[in-house]
Amino acid sequence: MSQEQSQRSEQEPIKYGDVFPIQGELAEKTVAPGDAALMQTAENTILGHIQKGGAAATMQSAAMRNERAGLVDHNDMSYDAGLGGVSITETDLPGKRVITESIGGQVVDQFSQRAPLAPPAIFEQSSGGGGRGGAITIGEALEATAMTARQKPVDRSDAAAIQAAEVRATGRINIVPGGDATSKLPPDRPVTRRDAEGVTGAEMRNDPYLTTHPTGVAASVAAAARINQTKLASAGREADQGV
C-alpha cells in the first residue's frame with residue numbers, strides 16, 4: 001500500500017454531524033455525493049436555485065472532499081437519503097417565509113426569507129375545489145392537464161413539470177409511485193404563484209425551444225394559481241369590509 005493510500009484509509013470521512021448541528025443516527029452517517037445531488041435537485045425544484053450556504057451547498061462541499069479523499073464513490077448514497085428521501089418545506093409567516101430542509105425526516109437546516117405580507121387566507125367554502133375553502137390544489141391542476149391535453153404525447157418537458165408539481169405538493173423529492181392524481185398526493189395543497197413559477201421553469205428547461213405548451217402542465221398550474229390568488233384577494237377585501 002502506498003503512503004497516499006495509507007493516509008486515505010486512516011482519514012475520517014466528513015459526517016453529517018460535522019457540518020450540521022444535529023444529533024442521532026444521521027449525525028454519524030458519511031455525507032455522500034448521491035445525497036448532495038438529491039438535495040440540489042430538491043432546492044432547484046422547490047426554490048428555483050441552489051441556496052447559497054444552504055444544505056445542498058454544504059453537502060456538496062463535504063461530499064466532494066470525501067470523494068477526493070477516496071472515502072466514497074461518486075455514485076454512493078446513504079441509506080437515510082436513499083430510502084427516507086430529502087424534503088424541503090416552506091412555511092409562510094407574516095413578512096417572511098421559513099424554509100426547512102430535511103434528510104430521512106430529520107431537519108438539517110432551516111432559514112428564512114423575506115416575503116410580502118398577504119391578505120388573510122379566508123376562502124368561502126365551496127364544492128368547486130378540493131383545497132382549503134375551495135382553492136384549487138396541485139393535484140387538481142394536474143388532473144385538469146390530463147383532460148385538456150389528452151391527445152398530446154407526454155414528453156420530457158411534461159415529465160419534468162409533473163415531477164416539479166409532485167415535489168411541491170408533497171415536499172418530498174421522492175416521486176409518488178403510481179401517477180399524479182389527487183388520490184396519489186396525500187399532502188396535496190392549494191396552488192400558489194411560487195408553485196406556478198417552479199413548474200413553469202421545470203417545463204421550459206426541458207423543452208428544446210425553451211417554451212411551455214398552451215395546454216400543458218405549466219399552463220394548468222399557472223391558471224390555478226391565478227384563480228386562487230383572485231379568490232384570496234377577494235376574501236381579503238371582504239374581511240377588511242367586515243363581510
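**A guided conversation about the predicted model**

Visitor: Is Leu210 buried or exposed?

Guide: The model is predicted, with local features needing pLDDT of at least 70 and side-chain atom pairs counting only at pLDDT 80 or more, while totals for chains, interfaces and linings use all residues. Residues are numbered from 1 along each chain as its sequence is written, and side-chain values use heavy atoms, with hydrogens and water left out. By relative accessible area, a residue is buried under 20%, exposed over 50% and partly exposed in between (1.4 Å probe, protein chains only). At 56%, Leu210 is exposed.

Visitor: In which part of the protein is the place of Leu210?

Guide: Helices (H or I, at least four residues) and strands (E, at least two) are DSSP runs, numbered from the N terminus. Phi of Leu210 is near 55 degrees, a positive value in a residue other than glycine. Most residues other than glycine have a negative phi. The place of Leu210 is in the loop between helix 8 and helix 9 (217-240).

Visitor: Which pattern does the protein follow along the sequence?

Guide: The protein has nine helices and three strands. Read along the sequence, the pattern is α-α-α-α-α-β-β-β-α-α-α-α.

Visitor: What percentage of the accessible surface belongs to carbon and sulfur atoms?

Guide: Buried residues make up 41% of the 243 residues in the protein. Accessible areas come from the Shrake-Rupley method with a 1.4 Å probe, and for residues only the protein chains shown count as cover. The protein's surface comes to about 13,500 Å², and the share of carbon and sulfur atoms is 51%.

Visitor: Which residues in the largest nonpolar core touch the most other members?

Guide: A nonpolar core is a set of buried Ala, Val, Leu, Ile, Met, Phe, Trp, Tyr and Cys residues joined through side-chain atoms within 4.5 Å. In soluble globular proteins, nonpolar side chains tend to be buried together. The largest core here has 26 residues, and those that touch the most other members are Tyr16, Met39, Met59 and Ile103.

Visitor: Which residues is Val108 in contact with, leaving aside its neighbours within four places in sequence?

Guide: Val108 is found in strand 3, and this residue is buried, with a relative accessible area of 4%. Contact means heavy atoms within 4.5 Å. The partners of Val108 are Phe20, Pro21, Ile22, Leu26, Ala55, Glu101, Ser102 and Ile103.

Visitor: Are helix 3 and helix 4 roughly parallel or roughly antiparallel?

Guide: Axes are lines fitted to C-alpha atoms, for helices over the stretch in contact, and angles run from 0 to 180 degrees between N-to-C directions. Angles under 35 degrees count as roughly parallel, over 145 as roughly antiparallel, 65 to 115 as roughly perpendicular and the rest as oblique. Helix 3 and helix 4 pack at about 160 degrees, with their axes 8 Å apart. This makes the two helices roughly antiparallel.

Visitor: Is the crossing of helix 3 and helix 4 left-handed or right-handed?

Guide: A crossing is left-handed if the near helix is turned anticlockwise from the far one by less than a right angle, and right-handed if clockwise. The crossing of helix 3 and helix 4 is left-handed.

Visitor: How far apart are the axes of helix 7 and helix 8?

Guide: Helix 7 passes helix 8 in a right-handed crossing. Helix 7 (residues 156-170) and helix 8 (residues 193-205) pack at an angle of about 150 degrees, and their axes are separated by 7 Å.

Visitor: What distance separates the C-alpha atoms of Glu90 and Arg168?

Guide: Glu90 has its place in strand 1 and counts as partly exposed at 24% relative accessibility. Among the residues that Glu90 touches are Arg97, Arg168 and Arg194. Glu90 and Arg168 are 78 residues apart along the chain, and their C-alpha atoms are separated by 9.5 Å.
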